[in-house]
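Grab a pencil and work through the exercises below with the model on your screen. Try each task before you peek at its solution.

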Amino acid sequence: MRYHTLLVGNPSFDVALRNKYIAAFGDACYMSEAGSFGCFYKKSQDACDDAVKIGEVSGNAPYDTGYMCQADGAGNYTLQIGADVANVTYINYQAAPRQTPFIEVNGMPMEVSGPYRNLTDPAGVGPGDPFLGNNSGVPDGDGGVLDQQKYVLQVNRKQNGGKIRSDLAGFTWTCTGADGGLTTCEELEFLEEPDSNPKSMFYADTVAQVHHVVPRKDPRCCPWGTNSYKNAAVISGKLNRHFSNNDPPTDEVKRLNGAQAYPP
Amino acid sequence: MIERTTRYGRLVFDRDAIVRAALRAYVEAIAGWHPFHRVSFAACSEPRWTGDLQRGAFYNGDGCGDYNVVGWTEAGVVGLAFELGFGPIEHLDLPVDAVTGGPDDVRGALPGLPAELTPALVLAAGMLLTGERRRGDVYVEEKLAGVGFWLHGDQVAGTLFDDPVDVGARQLAMWGLLQGGRLLPRAALFSKPQNRADVAEWARKQAPMHTLMDTVVNRRLGGPTEFTADEIEMLFPTPPDREQLLGAQLMLQKVGITWPGSPEIPEPPKWTGPNPFWRQP
């Protein structure tokens with residue numbers, strides 16, 4: 001459940017208007033997988049703060065400021081936006097639709113289909129579900145069974161001579177340099193085992209992690225990326241924290257979708 | 001010990017039980033490692049430990065970027081958790097200008113923290129990872145956690161109990177849902193019914209291994225201990241290669257569990273050169 005503001009106009013179809021809302025309200029606003037555009041907030045105050053700007057942002061008459069959001073006792077709010085007390089906008093506490101998992105690449109929405117796409121998903125993969133602790137159904141070779149996280153790492157090791165290789169080796173991004181200034185970081189080729197005795201003081205950065213390419217949770221903390229193997233990539237802890245739960249960069253998606261698929 | 005009824009169920013927090021469960025989860029994680037695979041669905045995928053049973057901290061990573069940490073002293077426990085995207089700036093309203101890279105970054109998750117628990121906070125925060133945050137032309141390193149709890153005597157509080165949004169609360173709730181002194185994997189309680197059943201079934205099938213870990217951990221609570229030959233045979237029926245065995249020995253040595261008659265193993269030198277991610281000119 002999130003706080004939903006009432007936008008003016010038809011941003012689901014009007015791309016220019018949609019971009020205005022995104023520029024003003026940031027990642028609260030998004031396209032849903034059903035193709036509708038809306039703005040949803042974790043906190044009612046944030047929704048109220050943005051709701052008063054909707055008139056101006058949409059290119060219509062600015063709303064009157066100086067009024068406070070009023071709770072209706074059922075989780076929803078109203079905000080007076082003109083001199084007439086009946087002139088209000090609504091902030092409704094309601095289920096937020098899932099953000100589209102398709103990533104725009106060269107202007108076209110593209111499904112993430114990374115290098116583990118040929119592994120068979122367990123039943124019931126879904127948005128927001130983790131790889132860790134979800135039964136892959138694949139035996140571990142020692143009488144037990146692997147969860148999805150361990151299975152992905154096993155598949156990676158098998159193909160890379162027993163070592164774990166980053167699926168984004170060579171990927172570059174801006175990071176902190178020696179003096180706290182900006183420098184370029186480059187993803188390592190080989191990563192440390194997540195369960196080994198640390199080999200360097202940089203272990204937290206160099207450790208291999210199984211990354212949700214479309215993040216497991218969106219910026220509003222709602223379920224987004226799934227635990228399908230198509231959505232998995234092995235990368236360093238440092239790069240994983242850099243990606244955080246932002247929209248996946250186009251370069252990342254292009255590289256992973258274009259990567260050779262690992263055999264099961 | 002204190003009980004609280006929450007949206008995650010009836011949680012019971014006990015300082016000694018949490019420390020024991022942390023030690024057990026650490027040992028279990030090593031037993032569940034590649035290539036040992038003695039436990040399926042271990043509670044922890046990236047285990048880290050510092051300190052001892054009186055004053056210490058345990059880092060419990062999920063291998064995918066999320067984690068939780070518990071830090072303890074004789075006075076009590078501080079628990080903190082992180083999910084990607086929900087650190088102090090995004091979720092605790094910490095201004096970028098207020099980032100210190102130290103424990104104060106995450107105090108917003110621990111309202112009302114008693115001064116007696118500051119050392120536990122320092123221990124816990126020492127295990128938190130950092131995120132890079134741009135401040136003008138430089139980056140600052142922010143300690144990463146978005147939710148927390150503290151336990152002091154018969155008092156317990158924190159955003160775990162108040163925050164309606166789960167940015168790691170389930171990870172922390174597991175510390176109040178210990179079963180038989182064991183930290184359960186989150187999937188044992190918070191996953192789809194079939195998966196919960198699978199996790200429970202594997203715990204049943206691997207009961208002898210869980211009993212072994214309880215035995216070793218209980219011995220360790222009385223002081224540093226060694227594995228018996230039978231325990232080693234059960235843990236490592238196929239002798240692992242030398243490097244993997246050494247890694248396990250070093251990890252267990254940190255918590256006072258050693259091989260029979262083995263002298264202290266020195267830590268191999270660690271890479272201390274420049275950050276390996278910095279692009280070479």
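**Exercise 1.** How many Å separate the centres of domain 1 and domain 2 of chain A, taken over C-alpha atoms?

*Solution.* Start with the bounds: domain 1 of chain A covers 2–94 and domain 2 covers 103–258, with bounds that come from an automatic or database domain assignment. Taken over C-alpha atoms, the two centres are 35 Å apart. Next, look at where the domains touch: five residues of domain 1 of chain A are in contact with four residues of domain 2 of chain A (contact means that the C-beta atoms, placed from the backbone, lie within 7 Å). On the domain 1 side of chain A, that gives two nonpolar, no polar and three charged residues. For these classes, Ala, Val, Leu, Ile, Met, Phe, Trp, Tyr, Cys and Pro count as nonpolar, Asp, Glu, Lys and Arg as charged, and the others, Gly among them, as polar.

A quick word on the ground rules: this is a predicted model, where local features need pLDDT of at least 70, side-chain atom pairs count only at pLDDT 80 or more, and totals for chains, interfaces and linings use all residues. Residues are numbered from 1 along each chain as its sequence is written, while chains are lettered from A and ligands numbered from 1 in the order in which they are written.

**Exercise 2.** Describe the sheet of chain B that holds β3 and β10.

*Solution.* First, the strand order: it's an open, antiparallel sheet of six strands, β3-β4-β5-β6-β9-β10 of chain B. (Helices, H or I with at least four residues, and strands, E with at least two, are DSSP runs numbered from the N terminus; two strands pair if DSSP finds at least two bridges between them.) Second, the edges: β3 and β10 (155–157) of chain B each pair on one side only. Now zoom in on one pair: β6 (residues 76–82) and β9 (residues 147–152) of chain B run antiparallel and share six bridges. Val78(B) faces Trp150(B) in β9(B).

**Exercise 3.** Which strands of chain B does α1(B) lie across, and which helix axis crosses its own at roughly 130 degrees?

*Solution.* Begin with the sheet: α1(B) lies across β3, β4, β5, β6 and β9 of chain B, at about 130 degrees to β5(B). Helix α3 (residues 118–127) of chain B lies across β3, β4, β5 and β6 of chain B, at about 150 degrees to β5(B). Then find the partner helix: the axes of α1 (residues 15–31) and α7 (residues 207–221) of chain B come within 10 Å and cross at roughly 130 degrees. Here axes are lines fitted to C-alpha atoms, for helices over the stretch in contact, and angles run from 0 to 180 degrees between N-to-C directions. So α1(B) and α7(B) are oblique to each other: under 35 degrees counts as roughly parallel, over 145 as roughly antiparallel, 65 to 115 as roughly perpendicular, and the rest as oblique. Among the residues that meet are Leu23(B) and Val27(B) from α1(B), and Met213(B) and Val217(B) from α7(B). The contact has eight nonpolar, no polar and four charged residues.

**Exercise 4.** How many residues of chain B are in contact with chain A?

*Solution.* Count both sides: 47 residues of chain B are in contact with 57 residues of chain A. Then look for the main supplier: α6(B) gives the largest share of the chain B side, four residues. Finally, sort that side: 22 nonpolar, 14 polar and eleven charged.

How values were computed. Two residues are in contact if their C-beta atoms, placed from the backbone, lie within 7 Å.
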